[in-house]
Amino acid sequence: MAEQRVVVVSKEILPETAKKVTDMFTRLAGSPIPAKYEAHHLHSDLIRSLLKVQHIHRGRITCILTVKPYACFQVLNAETLNKRIGHNAYNTLHGGAVGAVAEMVATACARTVVDKDKDLFLGELSVSYLAAAPKQTEVIIDASVVRSGRNLTIVAIEFKLKNSERSTSLCRATFYNMPVASL
């Protein structure tokens, strides 16, 4: 008999809703979700697992993103999770994954120029989708600081296919540099 686990996501999400979502992933994967993936920072771990860092320099980061199948999923109708889930129509990198990766890489890039004693607050992230990145391809991500001042840091991020150098997405992140309050 399979062990039943109760997943508590937050006080705002009903346990029945959490169970529907975990059941959906169980059906997709064909096996239960491993306990290590029921962690608070799971989102960050999933996004980080797509990336391999190539270069880190002051004001510049280059990564390789492998478009894995789980980065191509979408939920088509949230009310009927069990009926309308699967890969997006073209089996390409999902736009939400592009945004999540852009945020993570931009934050890391900004950290190369902003002092550790300042907190970073993401004020704006814009993404222009230019072309699709098919499943199982590699994408080069180049992030560079465009401007960094006392209160503001702007990072440009370009996603391009490794084999053809064709741009798939252009992103721009604006960070506010907040000094840590001293009490």
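Okay, a definition to start: helices here are DSSP runs of H or I with at least four residues, strands are DSSP runs of E with at least two, and both are numbered from the N terminus. Counted that way, the chain has three helices and eight strands. Going along the sequence, the pattern reads α-α-β-β-β-β-α-β-β-β-β.

Some housekeeping. This is a predicted model, so local features need pLDDT of at least 70 and side-chain atom pairs count only at pLDDT 80 or more, while totals for chains, interfaces and linings use all residues. Residues are numbered from 1 along each chain as its sequence is written, and side-chain values use heavy atoms, with hydrogens and water left out.

Now the whole chain. I'll call a residue buried under 20% relative accessible area, exposed over 50%, and partly exposed in between, using a 1.4 Å probe and protein chains only. By that rule, 30% of the 183 residues are buried. The chain exposes about 12,000 Å², and 55% of that comes from carbon and sulfur atoms; those areas are Shrake-Rupley values with a 1.4 Å probe, and for residues only the protein chains shown count as cover. Contact, for me, means heavy atoms within 4.5 Å. Of the contacts with a separation of 6 or more, 60% are between residues 24 or more positions apart.

On to the sheet. Two strands pair if DSSP finds at least two bridges between them. Six strands make an open sheet, in the order β1-β2-β6-β7-β8-β5, with antiparallel pairing. β1 and β5, which is 118–129, sit at the edges with a single partner strand each, so one side of each has no neighbour in the sheet. On average, neighbouring strands here are turned by 20 degrees against each other, direction ignored. For angles, axes are lines fitted to C-alpha atoms, for helices over the stretch in contact, and the values run from 0 to 180 degrees between N-to-C directions. As a reminder, strands of a sheet pair through backbone hydrogen bonds, either parallel or antiparallel.

Let's walk across it. β1 (residues 51–57) and β2 (residues 60–66) are antiparallel, joined by six bridges. Lysine 52 is opposite isoleucine 64 in β2. The hairpin of β1 and β2 has two residues between the strands, and glycine 59 there takes a positive phi near 80 degrees.

Next, β6 and β7 run antiparallel with nine bridges, and a hairpin of three residues links them. β7 is mostly covered, with seven of its ten residues buried. β7 (residues 152–161) also pairs with β8 in the antiparallel sense, over nine bridges. In that pairing, leucine 152 faces tyrosine 176, and phenylalanine 159 faces serine 169. The hairpin of β7 and β8 has five residues between the strands, with glutamate 165 at a positive phi near 65 degrees.

So which β7 residue is the bridge partner of isoleucine 140? That's lysine 160. Buried or exposed, this lysine 160? Lysine 160 is buried, at 13% relative accessible area. Its side chain makes a polar contact with the side chain of aspartate 142, at 3.5 Å. By polar contact I mean a pair of N or O atoms within 3.5 Å; within protein, one must be able to donate a hydrogen and the other to accept it, and residues adjacent in sequence count only if both atoms are side-chain atoms.

Over in β8 (residues 167–179) we have asparagine 177. Asparagine 177 counts as buried, at 3% relative accessibility. A polar atom of its side chain lies 3.2 Å from the backbone oxygen of glycine 149. Leaving out residues up to four places away in sequence, asparagine 177 touches, among others, Val114, Leu120, Arg150 and Thr153.

Serine 128 and cysteine 171 are 43 residues apart in sequence, yet 6.2 Å apart C-alpha to C-alpha.

Last, the helix. α3 lies across β1, β2, β5, β6 (138–148), β7 and β8, at about 140 degrees to β5. The buried residues in α3 include Ala97, Val98, Val101, Val105 and Cys109. How does the span of α3 (residues 95–111) check out? Its 17 residues should span 24 Å at 1.5 Å a residue, and the end C-alpha atoms are 24 Å apart, which agrees; the expected span is 1.5 Å times one less than the number of residues.
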